[in-house]
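Trainee: I have a model open and I'd like to learn how to read it. Could you walk me through it?

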Amino acid sequence: MSLQLYSDYPLRRLNTFGFESYAQCFTRLETAGDVISLHRYVDEHRLPLLLIGGGSNLILGPKVPGVVAQVAIAGMELEALAGDAVRVTLGAGENWHGSIERLLEQGVYGLENLALIPGCAGAAPVQNIGAYGVEVKDRLEAVEVYDWQQRRFYWLDNAECRFAYRDSIFKHETDRYLITRVRFLLSRQPDCVLSYKPLRDAIEPGQEGNPRAIFDAVCRIRRAKLPDPTLLGNAGSFFKNPIVTAGQYQALRQRYPDMVAYPEGEEFKLAAGWLIDRQGWKGYRQEGVGVHEHQALVLVNYGEGNRQQIERLAERIQSDVLEQYGVQLEVEPRFYP
Ligand code: EPU
C-alpha cells in the first residue's frame, strides 16, 4: 500500500481562516490501510504529524513541518434499531452539514440544531460541537479511533470520550487518536430541541415539531450572524464562553445587571460575545484581521491576515476583558505548529 505524498503543499483552502500556509508534506487518508501506511511512514522518517478534517478549528503558521494528513474517510451507514431508533455511522471525512441534510431527507432526525457548522464528521467529537441547545455528545454513541500508541483500531463509547463543554479526551490527548468513524443514535421520530430562545422565536407557530423547520431556522440564524468561511475567513467562535463560580457571577451581575449568562450546573457560563461587544470591539479591524461586525466572539481574516496578527488581536481582547471583568478568555481553536 503506498501513500500519495505531496511536498510544499498549499493549505490555504484547507483551513477556514484562509491563512497562507505550506505543509512540508501532505497526504490524504481514505482507508484504514492509508492510516497504517502513514503511521509507518512518520515513524520511519521521524516526522511530526498534523491530522486535519475540514480545517475549521485550526490556526496555522506559515510553514507546517512534517506531514499534514487530511482524514477523508467516506461513508454513511444506517441501521434500523428497535422502535424508531436509527444507528448512523459516518466516515470521518464526510461533510458535517451535508450529512445532516442527507439524513433529514431520509427522515432521520436529531442533528438539525447543528446544521451549517463547518467541517467534517470526524472533527465534531473533538471539541464536542454544540449550537442552539444541542451538543454532539447528546446524540453520539461511539467514536472509532486508530490509537497511535497501541497501533490498532477500536471504538470509544460516549463516556470514554469524556465530553464536556467544547471539550473531550481528543483535545487532551491530541497526538494519540485519529478518528476514523463516528456513530450516532438518531430517530425517525422527531425530537425537537427548542430550548434556545432565538431559535424558538424563529419557528413559525405550528412548526415546533418539524425538524425541517428547525434545520431551516438554524441556517437562517447562522447566516445572519456568522460569517461564511468561504467568503470571510474565520474559525467560528474564537473564545470559549467562560464558566465562573456562582459567587463570581453574582458579583459581576451586581456591577453589570444586563450581563448575559446561563446556569451551567452549580456554575454560570458567561456570554463572551457580550463581554467583548460591551468593550467596543465589534467591527474592530487591526492589520489584516478583525472582530466580526455581527458577532463579537468571531475573529475574521480580511484576506491577507496571518496567525501572528490574530494572536496579537486575541491577546488585546483577552487583556481588556481580564482587566474589566476579571475573567480570562480561553482560545477555542487549535494553534499549529
Ligand atoms: N452577544 C452580544 N454581542 C455579540 C455577540 C453575542 O451581546 O457580539 C450576546 C447575545 O446578545 C446573546 C449572547 O451574547 O445573548 C450569546 O450569543 P449567541 O447566542 O450568538 O451565542 P454565543 O455564546 O456567542 C455559542 C457558541 C456558538 C453557537 C451559539 C448558539 C461557543 C463558544 N459558541 O455562541 O458556537 O453557534 O452559541 O448556540 O460556545 C462555535 O463554537 O464556533 C460556535 C459558533
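Predicted model: local features only at pLDDT ≥ 70, side-chain atom pairs only at ≥ 80, totals over all residues.

Trainee: Which domains is the protein chain divided into?

Mentor: The assignment gives domain 1 (6-71), domain 2 (76-225) and domain 3 (233-336). In their contact, 15 residues come from domain 1 and 14 residues from domain 2.

Trainee: What area is buried between domain 1 and domain 2, and which atoms give it?

Mentor: About 1200 Å² is buried there, and carbon and sulfur atoms give 69% of that. On the domain 1 side, look at Val35, His39 and Val71: they supply 43% of the area this domain buries against domain 2, more than any other three residues.

Trainee: How many salt bridges does the rule find across that interface?

Mentor: For a salt bridge, you look for a side-chain nitrogen of Lys or Arg within 4 Å of a carboxyl oxygen of Asp or Glu. Here the rule finds 1 across the interface of domain 1 and domain 2. Now check Asp43 and Arg151: their side chains meet in a salt bridge, at 3.1 Å from N to O. As for polar contacts, 3 residue pairs turn up across the interface of domain 1 and domain 2.

Trainee: Which element gives the most to the side of domain 1 that touches domain 2?

Mentor: That's α1, with 7 residues. Both α1 (32-45) and β3 (49-52) supply at least two residues each to that side. Sorted by class, the side of domain 1 that touches domain 2 has 9 nonpolar, 5 polar and 1 charged residues.

Trainee: On to single residues. Is Ser21 buried or exposed?

Mentor: The cut-off for buried is under 20% relative accessible area. Ser21 has 1% relative accessibility, so it counts as buried. You'll find Ser21 in the loop between β1 (6-10) and β2 (22-29). Beyond its neighbours within four places in sequence, Ser21 has contacts that include Tyr9, Leu11, Leu60 and Val64. A polar atom of the Ser21 side chain also lies 2.8 Å from the backbone oxygen of Gly61.

Trainee: And where does Arg316 lie?

Mentor: Arg316 sits in helix α8 (residues 307-325). Setting aside neighbours within four places in sequence, Arg316 is in contact with Trp281, Tyr284 and Gln286. With Gln286, the side chain of Arg316 makes a side-chain polar contact of 2.5 Å.

How values were computed. Residues numbered from 1 in each chain as written. Heavy atoms only, no water. Domains from an automatic or database assignment. Contact = heavy atoms within 4.5 Å. Buried area = accessible area lost by both parts, 1.4 Å probe. Polar contact = N/O pair within 3.5 Å; in protein donor to acceptor, adjacent residues only side chain to side chain. Helix = DSSP H or I, 4+ residues; strand = E, 2+ residues; numbered from the N terminus. Nonpolar A, V, L, I, M, F, W, Y, C, P; charged D, E, K, R; others polar. Buried < 20%, exposed > 50% of the residue type's maximum accessible area, 1.4 Å probe, protein only.
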